[in-house]
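Trainee: Could you take me through this model feature by feature, giving the general idea before the particular case?

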Amino acid sequence: MAGELETQYERIFAEYRPALERLSGCYESVPQAREDLMQDILLAIWKALPRFRGDCSERTFVFRVAHNRCLSHVWRRRKRAETAAEAPEVPDPRAGPERQAIENRRRQVLRDAIRQLPLNYRQVILLALEDLSPAEIASVVGVTENNVGVRLNRARNALRCLLEKHV
Amino acid sequence: MNQDQELAVWRQDWLAEEPAAGRYQIRGIVERGRRRMRISMAAHLLFAVVLLAFSAWWVFERWTAEWIVWASVIWIATLVQTAFVFWNSAGTWATLDQSTAGFVDLARRRCQAALRQIRYGRWLTAVSFAIVVPWLTWDFAFRYPSTERLLLGDGTACVLSAVYLIAFALWRRRKIRELNELDRFTDL
């Protein structure tokens, strides 16, 4: 049983790690604190996994735990201004230097804009960007699909405004 | 560009982002988490056992009604506090896999429970101060007169009460900030 859980956990870790990294990056901009948050998320998933009974998809389960952990991190941390300067430059080894710089810049602008969104909107837009369906988002957030639609629409408008300011 | 296309473009950029090169040793994380919880629980248990054992030894050495009452108070308070610590730590993990709405609701109730606990703690501190200081004063002023013990006893009681009150004030401030954050989240 414990062995099964460890196998399941290792698979979840391998499959969702990039998504969880992106997620933690949008709730915490300081690199060291982000790594701590990521560890907290991984630990929270490990703790919650034995209670996962398959009443929702595994993806929904992982994002529920991760988002709740991130929200709790934001509520508990001391207030400080989020600055774009804290966001690290992530090199992309696949592209040429010029194109790489442009793409990196675009992604950084998107990440910074998402980080400036109110938590409610940030949550739905992050889940939508991770390609979760409205039903899955509703299950993570605990609201109706209609409500998800409304929030997503508002979040998109807010994000568009923020991105236009950056251009 | 319509809204779906716009979201698709953002998604493409979003998913193309390579994760930061954080090194996470799963077993290490799990072990650290287990160790942290075990150490915390063991520390609470050890504190409770030492307090219970010490008060038991003390009361058996001085078998009077007065010390029996004091030991009983210590036993009851220690058992209640230990039970609360275990119950609270179990609840912390039990809620993380709920939907955000459920989680927010529970987080709010937990903050309110903590505020009640703080109020209870403040009253308990005030009541124990009101009992201990006159009792120590009477004890060392009339029963076993000793200025040194009187000052030491009353001084310790004052310092401990002040430390508890400051700790409660800091804890309360943190919980109120958390509650405000929760309200801001649900108000949106």
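Trainee: What share of the residues in chain A is buried?
Mentor: A residue is called buried if 20 or more other C-beta atoms lie within 10 Å of its own, exposed if 12 or fewer do, and partly exposed in between, the C-beta atoms being placed from the backbone. By that count, buried residues make up 39% of the 167 residues in chain A, while in chain B, with 188 residues, 5% count as buried. Bear in mind that this is a predicted model, in which local features need pLDDT of at least 70 and side-chain atom pairs count only at pLDDT 80 or more, whereas totals for chains, interfaces and linings use all residues. Residues are numbered from 1 along each chain as its sequence is written, and chains are lettered from A and ligands numbered from 1 in the order in which they are written.

Trainee: Which elements make up the two chains?
Mentor: Helices (H or I, at least four residues) and strands (E, at least two) are taken as DSSP runs and numbered from the N terminus. Chain A has seven helices and zero strands, and chain B has five helices and, again, zero strands. Read from the N terminus, the order is α-α-α-α-α-α-α in chain A and α-α-α-α-α in chain B.

Trainee: How is the confidence of chain A to be read, and where does pLDDT stay under 50?
Mentor: pLDDT is the predictor's confidence in each residue, on a scale from 0 to 100. Chain A has a mean of 82, with 87% of its residues at 70 or more. The stretch under 50 covers residues 81-90 of chain A, for which the model has 17 contacts beyond four places in sequence; two residues are in contact if their C-beta atoms, placed from the backbone, lie within 7 Å.

Trainee: Into which domains is chain A divided, and which helices supply the side of domain 1 that touches domain 2?
Mentor: Domain bounds come from an automatic or database domain assignment, and here they give domain 1 (1-79) and domain 2 (96-167) of chain A. The centres of these two domains, taken over C-alpha atoms, are separated by 19 Å. Their contact takes 14 residues from domain 1 of chain A and 13 residues from domain 2 of chain A. On the domain 1 side, α1 (2-27) and α3 (58-76) of chain A each supply at least two residues, and the largest share, seven residues, comes from α3(A).

Trainee: What does the backbone of Asp131(A) show, and is its side buried or partly exposed?
Mentor: Asp131(A) has a phi near 70°, a positive value in a residue other than glycine, and is found in the loop between α5 (119-129) and α6 (134-141) of chain A. Asp131(A) is partly exposed, because 14 other C-beta atoms lie within 10 Å.

Trainee: Why does the end-to-end distance of helix α4 of chain B agree with its number of residues?
Mentor: The expected span of a helix is 1.5 Å times one less than its number of residues. Helix α4 (residues 100-143) of chain B has 44 residues and should therefore span 64 Å, and its end C-alpha atoms are 61 Å apart, which agrees. Buried residues in α4(B) include Thr100(B), Phe103(B) and Cys111(B). Leu124(B) also lies in this helix, but is partly exposed, because 13 other C-beta atoms lie within 10 Å.
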